[in-house]
Amino acid sequence: MQDAISAIGFLYQSYKTVKDIIDQTSNLELKQKIVDMGIQILDLKESIHGYRNKIDILEEEIKRIKYLSEKELEFKNGAYFSKDEDSAICPNCWDNNRQYTRMRYDSIEQDRFRFPNCRYMTD
Ligand SMILES: [Zn+2]
């Protein structure tokens with residue numbers, strides 16, 4: 001991905017050099033082509049940055065899933081627990097979205113867990 005970002009940076013610098021030369025000519029067709037090329041390069045640059053962001057998000061998700069599998073979650077009393085922590089992890093968020101949401105400590109009833117993210121409450 002870094003190669004693609006470097007390549008697009010180089011391509012854009014080259015484009016500007018060529019555009020400066022073409023701007024000095026009177027060939028309107030060539031001027032329009034270079035303008036179109038610049039737009040395409042900027043669209044490509046934006047796409048690459050979008051992919052970079054998506055990769056960052058996915059890498060974070062992979063880290064979190066690895067973390068959870070290393071924690072060896074155990075399901076008990078209607079929620080997940082890791083062996084390293086004493087706070088419950090929301091089964092609704094985890095099962096449906098792989099979100100790691102801890103229990104709110106001011107749960108309203110004893111022996112029930114309430115989760116702030118989705119308002120899920122254990123039976
Ligand atoms: Zn939840």
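In this predicted model, 5 residues of domain 1 are in contact with 7 residues of domain 2. Sorted by class, the side of domain 1 that touches domain 2 consists of 2 nonpolar and 3 charged residues, with no polar ones.

Along the principal axes, the C-alpha atoms fill a box of roughly 80 × 25 × 20 Å. As for contacts between residues at least 6 apart in sequence, 35% of them join residues at least 24 apart.

Turning to secondary structure, the chain contains 3 helices and 2 strands, and these run α-α-β-β-α from the N terminus on. Helix H1 spans residues 2–23, and its 22 residues reach 31 Å from the first C-alpha to the last, close to the 32 Å expected at 1.5 Å a residue. How many of the residues in H1 are buried? The count is 0 among its 22 residues, so H1 is hardly covered, given that a buried residue needs 20 or more other C-beta atoms within 10 Å of its own.

Confidence in the model can be read from pLDDT. The mean over the chain is 85, and 93% of the residues reach 70 or more. Among the elements, H1 has the highest mean pLDDT, at 92, while strand S1 (residues 74–76) has the lowest, at 83.

Most residues other than glycine have a negative phi. Asn77, although not a glycine, has a positive phi of about 55 degrees. Asn77 is placed in the loop between S1 and strand S2 (79–81). Is Asn77 buried or exposed? Asn77 counts as exposed because 12 C-beta neighbours lie inside 10 Å, and the cut-off for exposure is 12 or fewer.

Arg119 is the other case to mention: its phi is positive, at about 65 degrees, and it is not a glycine either. Where does Arg119 lie? Arg119 belongs to the segment after helix H3 (91–97). With 10 other C-beta atoms within 10 Å, Arg119 is therefore exposed.

Methods: Residues numbered from 1 in each chain as written. Predicted model: local features only at pLDDT ≥ 70, side-chain atom pairs only at ≥ 80, totals over all residues. Helix = DSSP H or I, 4+ residues; strand = E, 2+ residues; numbered from the N terminus. Contact = placed C-beta atoms within 7 Å. Nonpolar A, V, L, I, M, F, W, Y, C, P; charged D, E, K, R; others polar. Expected span 1.5 Å × (residues − 1). pLDDT = per-residue confidence, 0-100.
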